[in-house]
Amino acid sequence: MATIEITGANFQDTVQGDGIVVLDFWAEWCGPCKRFAPIFEQVSDEHPEAVFGKVDTEANQELSAALQIQSIPTLMLFRDGVLLARESGLLPAKALNELIAKAEELDMDEVRKQIEAEQAKEQ
């Protein structure tokens, strides 16, 4: 599956959807980002059921700041609207595939219960 461009305008709608969403935060001047791009594309082809999006941090500085992106490439993985993973640095394809496999195996009802329990503790 081809990757889609993510901006401040479509970020919420994209990550709040059902299923897995994998976002790559990158910039044109970033060497590691350029090396990660073909890995990201390859893995997106292997997981047509997931949404793969790219966020140009230069063009979307407000979104990047709001998400506290401090180094690139940064990868964020969501499932059913819940942020499950955030990784900075160049990931090999095997690590990215393992991250997606772990997200697919999760019981999201249990994850939501854990989040609610943590939020209750904080109040």
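Trainee: Why is Cys30 called buried?
Mentor: The model is a predicted one. Buried means under 20% relative accessible area; Cys30 has 3%, and therefore counts as buried. Cys30 is found in the loop between β2 (20-26) and α2 (31-46).

Trainee: Which residues is Cys30 in contact with, leaving aside its neighbours within four places in sequence?
Mentor: They are Ile72 and Pro73. Contact here requires heavy atoms within 4.5 Å.

Trainee: What makes Cys33 count as buried or exposed?
Mentor: The relative accessibility of Cys33 is 3%. The limit for buried is under 20%, so Cys33 is classed as buried. Cys33 lies in helix α2. With neighbours within four places in sequence set aside, Cys33 is in contact with Phe25, Trp26, Ala27, Ile72 and Pro73.

Trainee: For what feature does UniProt list Cys30 and Cys33?
Mentor: The unreviewed UniProt entry lists Cys30 and Cys33 under "active site". Such annotations may be inferred rather than shown by experiment.

Trainee: Why is Ala59 described as exposed?
Mentor: Exposed requires a relative accessible area over 50%, and Ala59 has 58%, so Ala59 is called exposed. Ala59 sits in the loop between β3 and α3 (61-66). Its C-alpha atom is separated by 9.7 Å from that of Gly8, a residue 51 places away along the chain.

Trainee: What makes β1 and β5 edge strands?
Mentor: The open sheet has five strands in the order β1-β3-β2-β4-β5, with mixed pairing. In that sheet, β1 (4-5) and β5 (82-88) each pair on one side only, and they are its edge strands.

Trainee: How is the span of α5 set against the expected value?
Mentor: The expected span is 1.5 Å times one less than the number of residues. For the 15 residues of α5 this gives 21 Å, and the helix reaches 21 Å from its first C-alpha to its last. Helix α5 (residues 108-122) lies across β4 (74-79) and β5, running at about 85° to β5.

Trainee: What makes Asp107 a cap of α5?
Mentor: A side-chain oxygen of Asp107 lies 3.0 Å from the backbone nitrogen of Asp109, at the N-terminal end of α5.

Notes
Residues numbered from 1 in each chain as written. Predicted model: local features only at pLDDT ≥ 70, side-chain atom pairs only at ≥ 80, totals over all residues. Heavy atoms only, no water. Pairing = 2+ DSSP bridges. Helix = DSSP H or I, 4+ residues; strand = E, 2+ residues; numbered from the N terminus. Axes fitted to C-alpha atoms, helices over the stretch in contact; angles between N-to-C directions. Buried < 20%, exposed > 50% of the residue type's maximum accessible area, 1.4 Å probe, protein only. Polar contact = N/O pair within 3.5 Å; in protein donor to acceptor, adjacent residues only side chain to side chain.
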